[in-house]
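Dear colleague,

I am pleased to hand over the structure below, together with its sequence. Please keep it open while reading the notes that follow it.

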Amino acid sequence: MKIIDTDLPGCRVLEPQVFGDARGFFYESFNQDKLDAAGMRLRFVQGNVSSSARGVLRGLHYQWPKPQGKLVSVLDGEVWDVAVDIRRGSPHFGRWTAVVLSDENKRHFWVPEGFAHGFVVLSERATFSYLCTNTYDAQAEVGLRWDDPDLGVDWPVSEPLLSAKDQAALWLRDVPADRLPVYSP
């Protein structure tokens with residue numbers, strides 16, 4: 001497994017070694033020993049799968065308190081996946097990074113606790129997998145506007161399909177300080 005740092009410290013791409021032949025392919029999607037060796041001591045407590053059509057945008061979501069780190073991947077289709085550093089006091093506060101995840105590239109993306117996360121579907125459909133470090137808590141969930149000008153995420157869509165919850169999400173500047181994660185170096 002190859003572990004690739006992104007331009008946003010903490011967010012990493014995991015590229016598995018894929019073994020394929022005429023029958024199909026095999027790859028190791030998770031190996032705690034390899035992640036430990038890379039300094040990624042993770043403990044997952046919940047797994048989720050979603051399916052979405054082209055143009056669906058989910059996010060930007062995070063939990064605080066009770067933050068969730070997410071190891072995300074695409075089982076079928078293709079998405080443009082985004083992480084945004086929203087930790088108060090972080091030298092990278094408000095910065096974002098993005099990666100294309102697909103069933104073809106088989107990449108995984110690590111979104112650490114304290115980061116908002118979202119994705120938009122580029123293919124006809126996409127089946128998306130999340131491994132989470134904390135369980136979902138509706139009381140702790142916060143949604144940020146996908147088109148927040150203070151974040152300036154350069155989404156590859158201009159009119160995405162959004163849930164009612166995502167349509168009502170907050171601008172980052174309107175999130176109370178106690179609902180933002182805290183940076184701890």
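**Findings: backbone, sheets and overall form**

Lys66 is found in the loop between S6 and S7; here strands (E, at least two residues) and helices (H or I, at least four) are DSSP runs, numbered from the N terminus. This is a predicted model, in which local features need pLDDT of at least 70 and side-chain atom pairs count only at pLDDT 80 or more, whereas totals for chains, interfaces and linings use all residues. Residues are numbered from 1 along each chain as its sequence is written, and side-chain values use heavy atoms, with hydrogens and water left out.

Most residues other than glycine have a negative phi, and most peptide bonds are trans. Several positions depart from that pattern.

Lys66 has a positive phi, near 65°, although it is a residue other than glycine. With a relative accessible area of 45%, Lys66 is partly exposed; with a 1.4 Å probe and protein chains only, buried means under 20% relative accessible area, exposed means over 50%, and partly exposed lies in between. The loop between S6 and strand S7 (70-76) also holds Pro65, which is joined to Trp64 by a cis peptide bond with omega of about -5°.

A cis peptide bond also joins Gly59 and Leu60, and its omega is about 10°. Leu60 has its place in strand S6 (residues 57-63).

Lys106 is not a glycine either, yet its phi is positive, at about 55°. This residue sits in the loop between S9 and strand S10 (108-111). Is Lys106 buried or exposed? Its relative accessible area is 11%, so Lys106 is buried.

**The five-stranded sheet**

S6 belongs to an open sheet of five strands, which follow the order S9-S8-S11-S6-S13 with antiparallel pairing. Two strands are said to pair if DSSP finds at least two bridges between them. Strand S9 (96-102) and strand S13 (141-143) are the edge strands, each pairing on one side only. From one strand to the next, the twist averages 25°; the axes behind such angles are lines fitted to C-alpha atoms, for helices over the stretch in contact, and angles run from 0 to 180 degrees between N-to-C directions.

Within this sheet, seven bridges connect strand S8 (residues 78-85) with strand S11 (residues 115-121) in the antiparallel sense. Ala83 has His117 as its bridge partner in S11.

**The six-stranded sheet**

S7 and S10 take part in another open sheet, where six strands are arranged as S1-S2-S10-S7-S12-S5, again with antiparallel pairing. At its edges are strand S1 (2-5) and strand S5 (46-53), each of which pairs on one side only. On average, and with direction ignored, neighbouring strands of this sheet are turned by 25° against each other.

- Strand S2 (residues 12-15) runs antiparallel to S10 and is joined to it by three bridges; Arg12 has Trp110 as its bridge partner in S10.
- S7 and S12 pair over six bridges in the antiparallel sense, with Asp76 opposite Thr127 in S12.
- S5 and S12 pair over eight bridges, also in the antiparallel sense; Ser50 stands opposite Phe128 in S12.

Strand S12 (residues 125-132) also contains Ser129. Ser129 counts as buried because its relative accessibility is 16%. Which residues does Ser129 touch, not counting those up to four places away in sequence? They are Asn48, Val49, Leu71, Val72, Ser73 and Leu75, where contact means heavy atoms within 4.5 Å.

**The protein as a whole**

The protein contains two helices and 13 strands. Its C-alpha trace spans about 55 × 35 × 30 Å along the principal axes. A compact globule of 185 residues would have a radius of gyration near 16 Å, and the protein, at 16 Å, agrees with this; the radius is taken over C-alpha atoms, and the globule rule is 2.2 Å times the number of residues to the power 0.38.

Of the 185 residues, 45% count as buried. Among contacts with a separation of 6 or more, 78% involve residues 24 or more positions apart. The protein exposes about 9,300 Å², of which carbon and sulfur atoms supply 50%; accessible areas come from the Shrake-Rupley method with a 1.4 Å probe, and for residues only the protein chains shown count as cover.

With kind regards
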